[in-house]
Amino acid sequence: MSFNRIFRELGLKRLIKKKLKKKLRRRGYSDVCYVASLLASFLRGGRGLCGLDSLKKDKSYQDVVGLKGVPAPSSMGEYLRSFSQEELEVIYEILAEVVIRIIRRVGKGQILYNGWLYCFADGSLLEVRGRYFEGTEKRDYNGNRSLLWLCFYIGPFLANMRLHPVVYDQHGDFKELVEPFLKQLKKYRIHFFLDSAYYDHKVIEDVLEREGFNYTVSVNKAVSPLERLAEGLPSSAWETLRDDRQELRQVAELTHWPQGWGREHRYIGVRYRAKDEMFFHYYFILTNREDLSPSEVVELHAIKGDFENQQKNLLCDMGLHHPPMHSLNANRAYYTLAALAHNLLQGIKLLYLPPLYHTKRNHTLFHHVLQIPARVIKHARTLVVRLEQELIPSALHEYLLKLNTSGATTPPTPL
């Protein structure tokens with residue numbers, strides 16, 4: 001089973017036992033059992049703590065992944081609510097360490113694009129259902145009670161995250177998100193895609209440029225000076241882009257020194273209008289990629305949309321749109337373990353599955369790989385999993401046959 005295999009090969013059990021020491025008494029479930037059960041529930045397609053109920057009834061699945069037992073949802077909720085701030089820092093460290101270990105094992109060709117490693121930072125507002133949620137005293141711009149989920153991606157991996165009230169200053173948090181990976185990132189050519197929320201000199205000049213990273217940043221706030229510069233450019237400065245949409249799109253290069261910043265920066269201005277419109281609309285991209293033309297910067301920055309969809313898919317596929325508990329620290333622990341489950345799934349996808357599955361969404365992997373109907377039987381004192389061939393996608397079936405003929409079997413180890 002891929003879950004059990006990656007759990008063992010990454011040394012995750014040893015890492016949890018070494019760093020996380022909440023359960024000092026031997027009685028009851030251990031830290032490893034709590035964490036592994038919640039991870040298995042996520043990877044089985046479970047949503048919220050209630051996913052543990054169906055996992056608890058599925059003895060065959062527990063045997064395959066090597067779980068000794070599964071806590072009830074109430075026990076898991078009590079465990080998550082008991083997390084202190086110091087213990088949260090421990091699971092943040094575990095999340096970062098697992099990402100680094102997976103990246104070291106995955107081939108560069110699977111995470112690099114044209115020799116570049118792409119990184120992305122963004123935030124999502126998570127609406128709460130009910131009044132009594134810690135940290136939701138202030139409402140978001142739609143008037144809803146929400147929490148702000150800040151995420152930092154390295155390629156397909158959710159490398160770090162923080163969950164805060166919506167009034168939290170996410171600029172100061174950016175360095176904290178990136179800092180655990182600075183040493184690892186400097187081994188690659190790095191390009192950051194950032195949303196307008198990170199359009200701030202503390203992020204751009206004090207972190208990205210100081211560390212020598214490349215970036216493109218969407219700019220849709222404080223744009224009045226940029227619009228005046230763009231409107232003052234001659235027509236010859238604008239290059240028309242090819243576009244299948246029914247609109248005219250043109251790009252031009254600008255230089256601007258924002259108030260409070262340390263120096264002048266390069267901007268790419270894009271203006272567009274529909275064929276039946278008279279006036280142009282503008283948007284801008286801040287970049288330090290001097291090796292690219294304005295049109296190439298626009299084309300590169302469009303990749304940010306793929307990362308935004310990945311964030312949305314994770315929220316939908318793993319049921320993370322709504323925090324499940326009233327305690328803020330409990331929700332922080334829950335979302336951190338959800339991020340860990342997502343990274344394990346990406347590791348399973350890139351390390352053990354054929355290329356056909358490398359671009360699939362999480363819910364596709366849940367149903368095509370991690371929930372394949374099977375029977376668990378005992379044969380010669382060992383557990384044997386018999387897969388139902390007709391229900392396995394053909395590409396995965398061929399891959400499993402190759403593993404079987406090569407003798408690459410990995411019996412489950414109790415967690």
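Helices (H or I, at least four residues) and strands (E, at least two) are taken here as DSSP runs, numbered from the N terminus. This is a predicted model, in which local features need pLDDT of at least 70 and side-chain atom pairs count only at pLDDT 80 or more, while totals for chains, interfaces and linings use all residues. Residues are numbered from 1 along each chain as its sequence is written, and side-chain values use heavy atoms, with hydrogens and water left out.

Q: Where is Asn114 found?
A: Asn114 sits in the loop between helix 8 (108–111) and strand 1 (116–127).

Q: Why is Asn114 called exposed?
A: A residue is exposed at over 50% relative accessible area, buried at under 20%, and partly exposed in between (1.4 Å probe, protein chains only). Asn114 has 72% relative accessibility, and therefore counts as exposed.

Q: What is the phi of Asn114, a residue other than glycine?
A: Phi of Asn114 is near 55 degrees, which is a positive value.

Q: Why does Ala222 count as exposed?
A: The relative accessible area of Ala222 is 62%, so this residue is exposed. Ala222 belongs to the loop between strand 5 (214–219) and helix 12 (224–231), and its phi, near 55 degrees, is a positive value in a residue other than glycine.

Q: What makes helix 13 (residues 294–301) largely enclosed by the rest of the structure?
A: Six of the eight residues of helix 13 are buried, so the helix is largely enclosed by the rest of the structure. The buried residues are Pro294, Ser295, Val297, Val298, Leu300 and His301.

Q: How many of the residues of the protein count as buried?
A: Of its 415 residues, 51% count as buried. The accessible surface (Shrake-Rupley method, 1.4 Å probe; for residues, only the protein chains shown count as cover) comes to about 20400 Å², of which 48% belongs to carbon and sulfur atoms.

Q: In what order do the nine strands of the open sheet lie?
A: The order is 3-2-1-4-5-9-8-7-6, with mixed pairing, where two strands pair if DSSP finds at least two bridges between them. Strand 3 (157–165) and strand 6 (239–240) are the edge strands, since each pairs on one side only.

Q: How do you know that strand 1 and strand 2 (residues 146–154) pair?
A: Nine bridges join these two strands, which run antiparallel, whereas the definition asks for at least two bridges. Cys119 stands opposite Ile154 in strand 2.
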